[in-house]
Amino acid sequence: MGMIEKDSKFYPDKTFVETSQINSLEMYRTMYERSVNEPESFWKEVAEELVWFKKPHTILKYNFDNRNGRIFHEWFRGGYTNMSYNCLDRHMGTENENKRALVWQGEPDEDTREFTYRELLTEVCRFSNVLKKKGLKKGDRVTLYMPMVWQLPVAMLACARLGLPHSIVFGGFSSEALMHRIQESESKLLITVDESIRGGKTFDLKSNADQALLKCPSVEHVIVVKRTGHVSSWKEGRDVWLDEEINSPDIGDFCECEHMEAEDTLFILYTSGSTGKPKGQVHTTGGYMTYVYLTQKLVFDLRKESFYWCMADIGWITGHSYIVYGPLLNGTTTFMYEGTPLYPAPDRAWELIERYKITICYTAPTAIRALSRQGESWPAKRDLSSLKLLGTVGEPINPEAWMWYYENVGRRSCPIVDTWWQTETGGIMISPLPGAAPTKPGSAQFPFFGIVPRVCDPGVEDFEKQGEKMKPGETGHLCIEKPWPGLSRTIYGDHARWEQTYFYQYPGMYFTGDGCYMDAEGYHFLQGRVDDVINISGHRISTAEVESALVLHKDVAEAAAAAKPDEIKGQSIYVFVTLKLGVEPTEALKKELIDHVRKEIGAIASPDTLQFAISLPKTRSGKIMRRILRKIAENKTDDLGDVSTLEDADVIRDLIQNRS
C-alpha cells in the first residue's frame, strides 16, 4: 500500500479505497446531503445500530437563536439506553466477546494488562458494585483524579453503568484545581491513586487529593487505586483501597445497569478559561454516545483487525471520546500507555507501535513536533509497517509537521486524518474520511455528517447582517449552523454563560471561537483561536501562517506567534522560537529568522519581536497555552488567569524574565 501524490494532494491507493467504509467523494456527498437535509432520519438510523431499552419518541428539538428564547438542543427524547451497556454488554454473544478490548502498557516495561470484552465487563461490574456499596444513587457526581492507569476507564464505565455523572480531573492538576472542580460538581465520591508514574518519577496524587478535600465537604468517600503502594496520608473511615474493596466476598461479578434517558448527564468535563472559573461542559448520554460511535467508526475507517492507539490523556475530551467510549462502542481494541512518548528513550512511541503492531495512531501536532525535534533516525530504526492510518488532533497542524509525520512515521503509505473539534463538540467535526477524497497538508478537509460549517465575516457591524460568508481564501470566524448530537448541553450550573459564550456572537449559530478559511475546492484550513489572528494596519495575519513559515527554517523546532500592541499599526507580531537541539541562539540567527518570515510570507508578516525560548508553555495534554504568550507579548503578566493545566510553571518564569 502506498499514497499517491499529485498536484499537492495525497491520494490513498486503490487497495485502501476498495476496503474503506466511505470509499468515494460521491458516496460522502450523498450521505452528507442527507445528514443535513434529513437530520432526524439520518441520526435515528445511526442510533438504531446501538441498543436502546426504550426507543425515543422525538429525535431532535432545538433553538439556536437567542432572539427566540432559551438556547437548547435535545436528542432522542424518550429513549432509554446506557453507555456502559453499549460499550460492553452489547458485545456479549458476538465475535467481540473474547476479543481484546483494552491493552494497557505501564511506563515500567513489565507493567502490562490486557482485557477481553468479557473480562472488562466483569471488572466494570465489580467496580460498579463497590460504588453501589458506598450508597451512591443515580445522578450523584463522582470525581476521578487519576493518571493513565487501566483502572481509569474501568471507573468511567462503572460510573456510566450506574448513572453517576463522572468528572475527570487530569492527574497532573494541582490540589487547588482539583478542589474547585469538586466544589463545582458537588461530587460525593473521589477516586484517585496513591502515586502516579511519569518520566521515571513518582508524583503524590493522594496528598494533593487530601489537600483539596479540606475544602470539599460534599465528598463522603475516597477510593484509592494502589499504583506504587506508597501513601503519605490517610483518613480512616473515608479512605479505602480499591483492591481490598473490589475483592471483598460480597462483591459480585455482575451489576445491572441503570436505564438512562437520552438527555441524562453522562459526564461533566471542565475546560479552562483565560478569566473566570473553569467551564463544566455537560455531555448527555444518547446524543454523545451516537455521535462518538459514528465519528470513531468512519473517521478512523475501523476494521475488524484495527488496533488503535490514541496518545491523548483520558483527562481530556480526546481521551474520553477516542480512547474509551468511541473504540469500545465499535468493538475495537484500544491501547493505553501510562508514560510519555519520549521516555525512557526518544523512540518510545515508535517502539510501542513496533512491539504491539498498532494499526492506527492518533496524536497531537505538538507531540509530532516534539518527536520530530529528536531527528529522523529514531522512527527510522523501528518497524512501523503495521500502521495503516495516522491522525492528528488538538490544534491546526502546520504542513511541515504533517509532511514529517507522513514521511517518517507513515512511510508515505498512510493517509492522515487531520481532525478538528473541541471539548464542547463532543466529537470530531471536520476531518478527512480517509478513503473518500485526497488530503491536503494542513487541511481538516470537509465537515463530518450533520455538520454545517459557515466561515463568517467578523467585520460586519450591522447586527442583522452578522453571519455573512467569507469568500474562498479569506479567513473568518468558524460557526456551525445546525445542531448535532455530540454538542454539550450547558455549562454545569451556569446555562447563561453557555449561551453567552457560544450563541450571542452570531445569532442562530454556534460560534466555535476558531478562525478558518475555505479554499476554492471546499477544503477547510483551521487557523486557531480567533484571538490568534493579528490585525496589522488592517491586514489580518494568522499566527498559524507565521508559525508555519518559521518552522520551515532548518534550525527551528517550534514557534508560536502572538499580537503585541503597537501605537501606529494597532498590533505587531511577537514570536517565540524554540531551536533544535545543538543550535545556539544568536542575534544573527534572530535577524535571519525575521528575514525568513519576510521572504516566506511578505513584509507585512515580518515579526517586530523575536524571543528565543527554551520551551513553550504547554498544557499536560501538549497544547500550547497561547493566551499566556499573548499576555507576555502584551506585557500583562500580573494576572495570567487559570494556569492549572500548565505542565511546567518554570517555562513561564523563563519567558517573562527574558521578555524581549
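A residue counts as buried when its relative accessible area is under 20%. I kept in mind that this is a predicted model.

**Rings**

I looked up W484 and found it at 0% relative accessibility, so W484 counts as buried, and Y510, at 1%, counts as buried too. The ring centres of W484 and Y510 lie 5.6 Å apart with the planes at 80 degrees, so I noted the pair as edge-to-face. This pair links distant parts of the chain, since W484 sits in the loop between β24 and β25 while Y510 belongs to strand β26, 26 residues apart.

I then searched the whole structure, which gave 40 aromatic pairs. One of them joins W309 and Y337, whose ring centres are 6.4 Å apart and whose planes stand at 90 degrees, so this pair is edge-to-face. W309 is in strand β18 and Y337 in strand β19, and both residues are buried.

I also checked for charges over rings, and found the charged end of R100 over the ring of F307, 4.7 Å from its centre.

**Sheet and helices**

I traced an open, mixed sheet of 7 strands in the order β7-β6-β19-β18-β20-β21-β22.

Helix α15 lies across β20, β21 and β22, running at about 155 degrees to β21, whereas helix α5 lies across β6 and β7, at about 100 degrees to β7.

Technical notes: Residues are numbered from 1 along each chain as its sequence is written. This is a predicted model: local features need pLDDT of at least 70, side-chain atom pairs count only at pLDDT 80 or more; totals for chains, interfaces and linings use all residues. Side-chain values use heavy atoms; hydrogens and water are left out. Two strands pair if DSSP finds at least two bridges between them. Helices (H or I, at least four residues) and strands (E, at least two) are DSSP runs, numbered from the N terminus. Contact means heavy atoms within 4.5 Å. Axes are lines fitted to C-alpha atoms, for helices over the stretch in contact, and angles run from 0 to 180 degrees between N-to-C directions. Rings of Phe, Tyr and Trp (its six-membered ring) pair if their centres lie within 6.5 Å; planes under 30 degrees apart count as stacked, over 60 as edge-to-face and the rest as tilted. Buried means under 20% relative accessible area, exposed over 50%, partly exposed in between (1.4 Å probe, protein chains only). A charge sits over a ring if NZ of Lys or CZ of Arg is within 6 Å of the ring centre and within 35 degrees of the ring normal.
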